[in-house]
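Subject: Structure for your review

Dear colleague,

Please find below the structure that I am handing over to you.

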Amino acid sequence: MKKTFISGGVAAIFVMFSCTDHEVIPPPVPLVDLGCLCEGSIETVTGDSSFTYDDTCTFSSTKTISTTVQSDAEYQTQIQNGAMNQGFEIEMGSLRWTDDGSNNPTSADWQAYFDAMVGVNTEFAPHSNGTGDGAVVRWTDPNGKIWVSDTTVDCAFSDFKFNLFTYDKDTTGEYMEFDAVFNVRVINSDYGTPDSARCITNAHVKSAFRLD
């Protein structure tokens, strides 16, 4: 009787484990394939030098939320070579909207804001503003110093133009992917007074802005 009891117990254990549900692993969720590139030429003391940044793109925004007047936001993308801690930041502002408590414009208004920029020469915002209407270009050089776009035109020409915007989204957010070109004078006060200045020419950028 004892042997029969043990055998029955083993059988019960075997049945219990054989009925255990297997874990179902869902397929991976596809993510938006975002472009990440900033290339062009920058003026140096010995002549123009080409640059390419295409390692890491990140996205951010700066907002002023109000319940009495319109809220506003500036959107940034950073295109860097992460290992070297240098690269470009492109900022666009300002998008204004009446906030509904979500602290974000609607998706339709956000898309329309960027779509309206395609094919036109976007003005550069005064670098002293930090944020505001127009484009701001910031370049972090190999020494970690930040150069900021200026409205003074002493390069051959100065412009910022979006060739296209494409809307897409995934589980990480909503994006306006873009392709753009620009030429601009950038200045920095860390190397002496008056401000040091350099010209960035034939720059080509592929990245995105994120609604957040």
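This is a predicted model: local features need pLDDT of at least 70, side-chain atom pairs count only at pLDDT 80 or more; totals for chains, interfaces and linings use all residues.

Overall layout

The protein chain contains two helices and 10 strands. Their order along the sequence is α-β-β-β-β-β-α-β-β-β-β-β. Of its 212 residues, 38% are buried. The accessible surface of the chain is about 12100 Å², and carbon and sulfur atoms account for 55% of that area. Among contacts with a separation of 6 or more, 59% are between residues 24 or more positions apart.

Helix H2 covers residues 107-115, and its buried residues are Trp110, Tyr113 and Phe114. Viewed down the axis of H2, these buried residues fall within an arc of 90°, so they line one face of the helix.

In soluble globular proteins, nonpolar side chains tend to be buried together. The largest nonpolar core here has 40 residues, and those touching the most other members are Phe88, Phe114, Phe160, Phe162, Phe182, Ile200 and Phe209. Strand S9 gives this core its largest share, seven residues. Phe114, which belongs to H2, touches Tyr75, Met92, Phe165, Met176 and Phe209, leaving aside residues up to four places away in sequence.

Aromatic pairs

The count of aromatic pairs comes to 21. One of them, Phe178 with Phe209, is stacked, at 4.9 Å centre to centre and with 25° between the planes. Phe178 lies in strand S9 and Phe209 in strand S10, so this pair ties together parts that are 31 residues apart in sequence. Both Phe178 and Phe209 are buried.

A buried glutamate

Glu91 is located in strand S5, which spans residues 86-97. Is Glu91 buried or exposed? Its relative accessible area is 3%, and the cut-off for buried is under 20%, so Glu91 counts as buried. Which side chains does the side chain of Glu91 contact? There is a polar contact of 2.8 Å with the side chain of Gln76, and another of 3.4 Å with the side chain of Arg138.

Yours sincerely,
A colleague

Notes: Residues are numbered from 1 along each chain as its sequence is written. Side-chain values use heavy atoms; hydrogens and water are left out. Helices (H or I, at least four residues) and strands (E, at least two) are DSSP runs, numbered from the N terminus. Buried means under 20% relative accessible area, exposed over 50%, partly exposed in between (1.4 Å probe, protein chains only). A polar contact is a pair of N or O atoms within 3.5 Å; within protein, one must be able to donate a hydrogen and the other to accept it, and residues adjacent in sequence count only if both atoms are side-chain atoms. Contact means heavy atoms within 4.5 Å. Accessible areas come from the Shrake-Rupley method with a 1.4 Å probe; for residues, only the protein chains shown count as cover. The arc is that of the directions from the helix axis to the C-beta atoms. A nonpolar core is a set of buried Ala, Val, Leu, Ile, Met, Phe, Trp, Tyr and Cys residues joined through side-chain atoms within 4.5 Å. Rings of Phe, Tyr and Trp (its six-membered ring) pair if their centres lie within 6.5 Å; planes under 30 degrees apart count as stacked, over 60 as edge-to-face and the rest as tilted.
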